Structures are given as C-alpha cells and as structure tokens.
Amino acid sequence: AVVSTQSGHYGRGEQQLCYEFAFWPQYDDYYDGGIFELRSYSLKAGCLYEWANAWSKAVNLREKDAVMGLCSQIGDMYTVHHIWRYTDLEHRKTERDMSWQSGEWADLVIKTVPMIKNLQVNIMQPSIYSPLR
C-alpha cells in the first residue's frame, strides 16, 4: 500500500511504501456509508516488533471496526497507520469509550504509549474512486 500525505499549503507531499500487518483482521470491503479514522503513529526506533506484538493481541478487541494496519518500509520509517471504520463521530466515541472499559485495552495503551513519538489523527470519507467504497 502507498500512503500519500499533503503537508502545508505549498503542495509538498510525502509518500510511503507500506506493508499490511499479517495479524490485522481482513476487512470486508462492503461500504454502507460512514467515516474512516486514520491514526498515524511515529514510533521510536527499535520499537516496531514490540508494537506489532502488542497490537496483534489487542486488535481483536475492536475487530468489527478494524480496516487496516500498515507499517512503512520506504519513506518515513517507524511509522504505523491504523484505519478504523465508524458510521459517524458519535459511533466512534461510543466504540472508543467501550474499549476503555476493557482492562486489556488499557494494558495495551500502557505498553504502547511510551513507544510513540508523535500521533496524527485524521477523519476521512472515501472518494468515489476509493477501494473502501
């Protein structure tokens, strides 16, 4: 997968070549509306294996919302992208609040937050050309 971003007002963009985590659940590509949340994590060098190990267990807690988990191979290294699907922002809030009620989710956060250098969150709707439609 190729992840492209536009930064600033000058049209300067960045690209990454990413691979999909094998442990991430397969997304059925049926789209009936809604939004997607792209969470991009810049990790500290050397943390990727530990991050993937923690998420391989935790992603199952929110499997119904999980679309894709990616890791950069070319471009900005040590970057991980998680894509989640929700019907709307209220559904996003409800699902995230329910996750926090799970002790397993809280344990994941305790383990992985120290690995993060930066986090960027974007809410998106797929274009008419998107394979997620």
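Ser42 lies opposite Thr79 of strand E5. Strands (E, at least two residues) and helices (H or I, at least four) are DSSP runs numbered from the N terminus. The model is predicted: local features need pLDDT of at least 70, side-chain atom pairs count only at pLDDT 80 or more, and totals for chains, interfaces and linings use all residues. Residues are numbered from 1 along each chain as its sequence is written, and side-chain values use heavy atoms, with hydrogens and water left out.

The protein contains three helices and six strands. Their order from the N terminus is β-β-β-α-β-β-α-α-β. The protein has 133 residues, and 39% of them count as buried. Buried means under 20% relative accessible area, exposed over 50%, and partly exposed in between, with a 1.4 Å probe and protein chains only. The accessible surface is about 8,300 Å², and carbon and sulfur atoms hold 53% of it. Areas come from the Shrake-Rupley method with a 1.4 Å probe; for residues, only the protein chains shown count as cover. Among contacts (heavy atoms within 4.5 Å) with a separation of 6 or more, 76% join residues 24 or more positions apart.

Strand E3 is largely enclosed by the rest of the structure, because nine of its nine residues are buried. Both of its faces are covered. One side carries Ile35, Glu37, Arg39, Tyr41 and Leu43; the other carries Phe36, Leu38, Ser40 and Ser42. E3 pairs with E5 in the antiparallel sense over eight bridges. E3 and E6 also run antiparallel, joined by eight bridges. Pairing requires at least two DSSP bridges between the strands.

Helix H2 covers residues 89-100. Its 12 residues should span 16 Å at 1.5 Å a residue, and the end C-alpha atoms are 17 Å apart, which agrees. The expected span is 1.5 Å times one less than the number of residues. Arg92, Glu95 and Ser99 are the buried residues of H2. Seen down the helix axis, they fall within an arc of 75°, so they line one face of H2. The arc is taken from the directions from the axis to the C-beta atoms. Their cover includes strands E3 (35-43), E5 (79-86) and E6 (116-124), together with helix H3 (103-112). At the start of H2, a side-chain oxygen of Asp88 comes to within 3.1 Å of the backbone nitrogen of Glu90.

Methods. A polar contact is a pair of N or O atoms within 3.5 Å; within protein, one must be able to donate a hydrogen and the other to accept it, and residues adjacent in sequence count only if both atoms are side-chain atoms.
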